[in-house]
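Hello,

Please find the structure below, as promised. My notes on what turned up in it follow.

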Amino acid sequence: MKQLVIVERVCLIGHIVSMVFGLVGILLVVPNAEVLFHLSEIGQTAMQWSMAGGGVVYMILGAAAVFLYALRTLGLGRTLGFMLPAVLISLTSELLGTSTGFPFGHYSYLSGLGYKIAGLVPFTIPLSWFYVGCAAYLLGRAGLAVDKKPSLLRHAGAIVLGALLLTSWDFVLDPAMSQTALPFWYWQQPGAFFGMPYQNFAGWMGTGAVFMIVAALLWRNNPIQFERSQLNFPLAIYLSNFGFATVMSLAAGFSIPVLLGLVLGVAPALLLWWKATASPSQIAVEAVTNEISVASVKVALK
């Protein structure tokens with residue numbers, strides 16, 4: 001188990017470092033190509049590698065980190081119960097979107113994100129749906145105490161909040177990744193929201209909600225028991241990816257999507273994390289109070 005934790009942390013650190021390295025390349029090197037001539041041979045090679053495959057690496061490392069985390073904390077069955085629906089359903093939505101325009105709108109992927117499945121969707125895209133979606137859903141599920149106080153309303157709330165966190169990340173990511181000097185996809189019919197059609201957000205909410213519903217159904221007889229520290233990981237994944245998107249968008253001059261993402265994504269994520277991590281201490285306080293009350297009754301009876 002200790003070795004698994006080490007590999008998981010290495011993947012997480014590598015994921016974050018890859019994003020930082022990518023930001024340096026996209027925001028500093030690409031607009032100022034002459035910078036390359038002042039780098040050492042090793043530096044030039046590193047930047048060329050970053051431009052060619054940095055996006056692929058950071059998403060693979062993110063997916064690997066979340067998979068190992070889920071394997072350690074949730075078990076293999078629940079991990080696959082989320083990963084397989086997330087990957088397959090998001091891939092289906094992306095293939096439909098890039099070929100028919102449903103459910104996101106008409107768009108196409110450019111190069112830079114790896115081999116394209118059916119020549120349409122980079123294989124890394126479903127992985128990103130999985131690892132950010134898993135982090136978002138776990139925050140929603142733990143924050144609403146779905147496994148401690150299960151109810152249909154709590155389950156539905158966790159799915160809605162998880163899908164909202166996932167969509168809020170796209171509020172910030174999509175404008176920058178499709179309209180900067182080095183775009184990774186483009187909209188064939190630009191929409192009213194900073195180049196994105198509003199349909200795109202409905203597609204994100206719907207796709208995220210569908211695979212989270214499937215996961216909830218597969219997990220229904222196998223509740224999750226989290227320790228407080230175990231929720232730091234999904235929060236770190238969500239905030240680091242949101243941070244990457246934020247820097248990209250602000251550098252491109254898109255401040256309104258960032259503000260919207262902060263209100264609908266980061267703030268709820270922090271609140272859910274705080275509520276989930278605060279609950280054990282509250283339970284302990286309630287337990288102590290009950291013990292004192294019982295003790296008082298016993299003393300009174302004597």
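Predicted model: local features only at pLDDT ≥ 70, side-chain atom pairs only at ≥ 80, totals over all residues.

**Notes on the model**

Pro103 is located in the loop between H3 and strand S1 (107-109). A cis peptide bond links Phe102 to Pro103, with omega at about 10°.

Two backbone angles come next. Ala118 has phi near 60°, which is positive although the residue is not glycine. Its place is the loop between strand S2 (116-117) and strand S3 (121-122). Is Ala118 buried or exposed? Ala118 has a relative accessibility of 61%, and because exposed means over 50%, Ala118 counts as exposed.

Phe194 is also not a glycine, and its phi is positive at about 50°. Phe194 sits in the loop between S4 and H6. With 28% relative accessibility, Phe194 counts as partly exposed, since that class runs between the 20% limit for buried and the 50% limit for exposed.

H6 covers residues 199-218.

Which residues of H6 are buried? They are Asn200, Phe201, Gly203, Trp204, Thr207, Gly208, Ala209, Phe211, Met212, Ala215 and Ala216. The cover over these buried residues includes helix H3 (76-100), H4, helix H5 (152-179) and strand S4 (185-187).

Of those elements, H4 is the one I looked at in detail. Helix H4 spans residues 124-143, and its axis comes within 11 Å of the H6 axis, the two crossing at roughly 65°. Angles of 65 to 115 degrees count as roughly perpendicular, and H4 and H6 are therefore roughly perpendicular to each other. Their crossing is right-handed.

The residues that meet there are as follows:

- from H4: Trp129, Gly133, Tyr137 and Arg141
- from H6: Trp204, Thr207, Gly208, Phe211, Met212 and Ala216

Sorted by class, the contact of H4 with H6 consists of six nonpolar, three polar and one charged residues. The spacing along each helix has a plain reading: an α-helix has 3.6 residues a turn, so residues three or four places apart point the same way.

Regards

Note on methods. Residues numbered from 1 in each chain as written. Heavy atoms only, no water. Axes fitted to C-alpha atoms, helices over the stretch in contact; angles between N-to-C directions. Helix = DSSP H or I, 4+ residues; strand = E, 2+ residues; numbered from the N terminus. Parallel < 35°, antiparallel > 145°, perpendicular 65-115°, else oblique. Left-handed = near helix turned anticlockwise from the far one by under 90°. Contact = heavy atoms within 4.5 Å. Nonpolar A, V, L, I, M, F, W, Y, C, P; charged D, E, K, R; others polar. Buried < 20%, exposed > 50% of the residue type's maximum accessible area, 1.4 Å probe, protein only.
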